[in-house]
Amino acid sequence: MRLTFTIQRFNPEVDSTAHPQEIRFDVGRGMTVLDALIRIKQECDGSLALRYSCRSAICGSCAMTINGSEKLACRTSLRKELERHGQITVAPLRNFPVIKDLVVDMAPFWRKIRDVQPWLSPGSARRREGGGGVHSHPQFHNVDACIMCGACVAACTVHEVSKEFAGPAALAKADRFLSDPREARASTKARLSALQGEHGIWDCTRCNFCVEVCPKDVQPMEAIIRLRRASLERGMTTTGGARHILGFASLVEQQGRLNEALMPLKVVGLAPRGLLHILPLGIKMFLKGKMPNPLGHAFPGLGHLKDLIRRAKRALPPV
Ligand code: SF4
Ligand code: SF4
Ligand code: FES
């Protein structure tokens, strides 16, 4: 079958911007996108730059944007892409600097991984029930399956607007060490403290894209939620993100719903500087009729809701 591939090309030596190139090519049964790209390079255009190694979804190096979504080219079937999208477009990972064609610069990615100190901290090991074997320990929540492909970072909506955000892969890696029964207790606290600031765990908007694109079902967003819970359980509650979550939960528990009039106060407190900061937003909300009664009103069934929340809290597993 003859297919048209639209491949995003960029050669920094001659191009000022990236441009699409259409290549018509005969494909065989059972081919992956990577198989096709390698053949295109060998038979049509030797200048095409791409990165790959294992061809078996192990090394993580062939992640790219295929038909608008982050995927490993070596495990993406041409036939399925064609059935779903009616076309094959290939581009480099989004939100990474492009070196050439489909090859991106992973240096910022590795810097963020290094920043979370992805190694065990020495010290007296924490004791946990069943914490003997560590390889594929259920406590790791599959985070240790990460192959560092960068797909989650490319798909991350926060990373798109804030390149300094630690990002889903690095935060998942931090969670993996938080879960390690050999990690010293003091190191856990230091590890979590380092993630509280700007660009840390509280910047995630929980859009879920990192979970959707991860080829290894690492579920980085769930890892971030575990890091947040662990932080709250250790009393790290002064950041805006922590205060937002605690304020949200306490309002729902008290009134059965979010009260937008009180929520900003829950986040900034009563400090004059914080109040001045949110005043313009408060005025805008009031003028647009979006300011509910700060005292709220009790919902019928509020007692039932409180009971549900109490039971849900009791059922939460320890982090
Ligand atoms: S859930 Fe959070 S970390 Fe994952 S892609 Fe969305 S913003 Fe990024
Ligand atoms: S978490 Fe998943 S998507 Fe992100 S780098 Fe690891 S394997 Fe790739
Ligand atoms: S070539 Fe190794 S994951 Fe695709």
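**Two ligand shells**

User: How do the residues in the shell around ligand 2 divide by class?

Analyst: The shell around ligand 2 holds 13 nonpolar, two polar and one charged residues, where Ala, Val, Leu, Ile, Met, Phe, Trp, Tyr, Cys and Pro count as nonpolar, Asp, Glu, Lys and Arg as charged, and the others, Gly among them, as polar. This is a predicted model, in which local features need pLDDT of at least 70 and side-chain atom pairs count only at pLDDT 80 or more, whereas totals for chains, interfaces and linings use all residues. Residues are numbered from 1 along each chain as its sequence is written, while chains are lettered from A and ligands numbered from 1 in the order in which they are written.

User: What makes a residue part of the surroundings of ligand 2, and which residues are the closest?

Analyst: A residue is near a molecule if its C-beta atom, placed from the backbone, lies within 6 Å of it. Around ligand 2 there are 16 residues, of which Cys-146, Cys-149, Cys-152, Cys-214 and Val-218 are the closest. The elements that give two or more residues to this shell are α4 (151–155) and α6, with α6 giving the most, three residues. Helices here are DSSP runs of H or I with at least four residues, strands are runs of E with at least two, and both are numbered from the N terminus.

User: Which residues are the closest to ligand 1, and which element gives the largest share of its shell?

Analyst: Ligand 1 is surrounded by 15 residues, the closest being Cys-156, Cys-204, Cys-207, Cys-210 and Met-221. Two or more residues of that shell come from each of α5 (157–161), α8 (209–213) and α9, and the largest share, three residues, is that of α9. By class, the shell around ligand 1 has 11 nonpolar, three polar and one charged residues.

**Helix packing**

User: Why is α6 called oblique to α9?

Analyst: The axes of helix α6 (residues 168–178) and helix α9 (residues 220–233) come within 8 Å and cross at roughly 55 degrees. That angle makes α6 oblique to α9, because angles under 35 degrees count as roughly parallel, over 145 as roughly antiparallel, 65 to 115 as roughly perpendicular and the rest as oblique. The axes are lines fitted to C-alpha atoms, for helices over the stretch in contact, and angles run from 0 to 180 degrees between N-to-C directions.

User: What is the handedness of the crossing of α6 with α9, and which residues make the contact?

Analyst: The crossing is left-handed, a term that applies if the near helix is turned anticlockwise from the far one by less than a right angle, clockwise being right-handed. On α6 the contact is made by Pro-168, Ala-169, Leu-171, Ala-172, Ala-174, Asp-175 and Leu-178, and on α9 by Pro-220, Met-221, Ala-223, Ile-224, Arg-226, Leu-227 and Ala-230, two residues being in contact if their C-beta atoms, placed from the backbone, lie within 7 Å. These residues divide into 12 nonpolar, no polar and two charged.

User: Why is α3 described as roughly parallel to α6?

Analyst: Helix α3 (residues 107–115) and α6 pack at an angle of about 25 degrees, with their axes 8 Å apart. The angle falls in the roughly parallel class, which is therefore the term for α3 and α6. Their crossing is right-handed, and the contact is made by Phe-109, Lys-112, Ile-113 and Asp-115 of α3 with Ala-169, Ala-170 and Lys-173 of α6. By class, this contact has four nonpolar, no polar and three charged residues.

User: What makes β2 and β4 edge strands?

Analyst: The open sheet of five strands has the order β2-β1-β5-β3-β4, with mixed pairing, and β2 (19–26) and β4 (69–72) each pair on one side only. Two strands pair if DSSP finds at least two bridges between them.

User: In what sense do β1 and β2 pair, and β1 and β5?

Analyst: Strand β1 (residues 2–9) pairs with β2 in the antiparallel sense over eight bridges; one of the bridge partners is Asp-26 of β2, for Arg-2. With strand β5 (residues 88–91), β1 pairs in the parallel sense over three bridges, and Thr-89 of β5 is the partner of Thr-6.
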